[in-house]
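Keep the picture beside you as you read.

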Amino acid sequence: MIPEFGFGIAILSFLVAIYSIVAAIYGATKKSPSMVESARRGMLLTFPLLTLSAAVLIYLLVNNHFEVAFVYDVTSRSMPTYLKVTAWWGGQAGSLLFWSWLLSAFASAVTLRKWDRDVEFLPWVVVICSVTLVFFLGMVVFYENPFTRYWLVNGNVEPHMFQPALATLFTPGDGNGLNPLLRHPGMIIHPPMLYLGFVSYVIPYAFAMAALITGRTDDRWIRLTRRWSLWAWLFLSAGLVLGGRWAYDVLGWGGYWGWDPVEIAAFMPWLTGTAFLHSVMIQEKRGLLKHWNMVLVIMTYELVIFGTFLTRSGVLSSVHAFANSPIGPLFMGYVSATLIGSIALVIYRWPTLRGETEMKSMLSREALFLLNNLLFISVLVICFVGVIFPLVSELLTGQKVTVGPPFYERATAPIFASLMFLMGVAPLSAWGNSTVKTLGRAMWKSAVLAGIVTVALFFTFTRNYIALAGFFLVALVLSVTLQEFWRGVRARQRAQNESFFTSLVRLMGRNRRRYGGYIIHISMMLMAIGILGIELFQTETQGTLAAGESTKIAEYNLVFKDVASWDNNDLEVNFTRATIQVYKGDQYIIDLHPRKDMYFSGQPMSIPGVYSNLQDDLYILLVDWQPISSTAATFKIFVNPLVNWLWLGSVLFLLGIIFTAWPDRDPAEETSRRSVTRNANQPSAAD
Amino acid sequence: MKKFLYAFAFVFIFSTFFTGLALAQSNVVTDDEVNAIAHKLYCPVCQNTPLDVCPTDACHDWREQIRGMIAEGKTEDEILQYFVDQFGDRVLSAPPVSTKFNWIIYILPPIIILAGAIILFRSLREWTTPKTIEAGLGADGSESSASQDDYVARLEEELKKQK
């Protein structure tokens, strides 16, 4: 009975969402506020309904209802309760319901706001959110139903939602259990973060479409969704960072980012989202680029759907998996339909989206922001072609190919370097007008400083010219950005007679978006240090050591002590743990325990032994050992220089976004474009 | 300073050398030599996993095969070619340019990016050109005239480049 109840509620919310679409369109076209209100309430109703449906699913997961196919697939008796709950998004059917639930939560939150003077947007925002919700819920209801149960039909076990004739319910004794790789804390938070990011980008898209449909194409929609897109960006970024950390901790290849199609699927909307964050500022300050911002929001939305499709349809393992499940064609159909519809709307409103002012100089901040957009889109193009190409190749030529990290690294490295250079220049350029002369005057000190740093590194650290170019850019951006803080504080101090710290705090508090952005730039540079370190200077070695034998890598001496192996029947896993003493020179530092967990299901998992400091990570993997004697073992040892700057930068990055996105005390805060234009000739610290 | 560097390099090279020796003891071909080649190959079974880190038994066997081939004196290219012949192009980290079709992936992104850049610079020019005369109506007269000169010079340069 319980699964039927959960399924029934899901169907009900599906129908309510359809009603909301119809009612909202009717209400908007016939100018009937009561219909619009009814549609809004329908939208609000989907949230408690889906919460109930999800609660039923969680109930089934937690209480070992293995007769439900989804529960059987993702949980087992031995899993702790919290993992059973998080198994909700551990499989396809559950994660689609999770997606729908999040979307209805966000859509409800947005429809609850005071609409006052934006009331004409309301029905269309409801329509767009509901259409998206109907699409995802439709998949849950018709194709990927998490409530499907196993039935014994003529001696065969078959999954069906409702009892077939003459069938009896089949309840397996235990479930498959969640893939152990997915039991890492990072993996528990990482998917919801990505989904949160994905789902929250639906909101800006909904407002953009509402603006196009109603013809209110001024920058109101951007102001309304600015915070949404920042929070969406935060979640997506957090998802990416956590995914990287998870890969580093669990996947056992000493890296954090493998340019895997699944990673790229999440990275692509992040790229357009980042471009959007920058280009909306041009529209807000200068009234330019309205077409382009629309296009970026549309692209982000479509990439979100496309990313879900890539990771969920099985198309990545084989194009033919695509044809076997109805999910793939449905996603493609939905993406094509919404894309064509949105672009048609943009073209229809093209004349009203014209810029309000002209651009004055190719070095103005808006021109540099455009360049930034071009670079982000270039990375997107490379990623998109790289992900799509193997599929197209398999489809058209029958030849499977791999597009691996070397392709992406070579193609994107110069673009990332250009982006870093822009980060060093753009903060110094002014809205409206800048010249080589003004820029040069603002930049030369930082450039000289970065040059000195680079020369110092040349003599002390490395002669790798790529690394030197990278570190030059890092130093340049850090210097320029910190100088911006310094200049702002000094200006305040002169005017206000405050202490340095009061000035700094007030300065940042008053211009959170500007200084939050700078914090994010600084964090990007810290991450760049880490990435340069591990990508260019990683050393690795692999070999077999007998007990008591030692080996050396970089400046570490490693002594292999012993290796032990034991079963843990509760967790259904066999642990093999080695002990390695780490010395730096003769100085004993720490014992490391690289581990190999072999789950009874046959899934192996390598847990590295890691010694971390700001200089590098000593990262040891247990590759193999002699099962009988246990006196010799094979290790793979990495020294990853500077990699912890990547993690430090990641933390600062997320803090920077939170600082920027944190709600204002006064939500009606508006930046006046006029005051900015008046000051447009000076690189002012007050915008 | 330089002496120190040389000493450092010396120690570094020797330490890595001896690390190799210490780890090699039992085998003629070290794991590092195997991994260096395996890293350039992709597991023919698992998705997007380089052969040197793939934990499956099949990949273990393939690594042993590489070890055998190195011991036989085969070059890296021969070994890579062997795997391509066995399992197809998918074992390589990027599509080889041997087929015309694969050229698409190397040519398409630059074309799109270039097209984007051209569109961007054309639009920028279109937006900026009519403003030349009014440009720099700032408070500071000398500043704006200087910037205007700069600006005109840069425009000229842009035009020259276009031709």
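Chain B has an accessible surface of about 10,000 Å², and 64% of that belongs to carbon and sulfur atoms (Shrake-Rupley method, 1.4 Å probe; for residues, only the protein chains shown count as cover). This is a predicted model, where local features need pLDDT of at least 70 and side-chain atom pairs pLDDT 80 or more, while totals for chains, interfaces and linings use all residues. Residues are numbered from 1 along each chain as its sequence is written, chains are lettered from A and ligands numbered from 1 in the order written, and side-chain values use heavy atoms, without hydrogens and water.

Chain B contains 6 helices and 0 strands (DSSP runs, H or I of at least four residues for helices and E of at least two for strands, numbered from the N terminus). Of its 163 residues, 35% are buried (under 20% relative accessible area; exposed is over 50%, partly exposed in between, with a 1.4 Å probe and protein chains only).

Now for the cysteines. How many disulfides does the structure hold? Over all chains there are 0, a disulfide being a pair of cysteine sulfur atoms within 2.5 Å.
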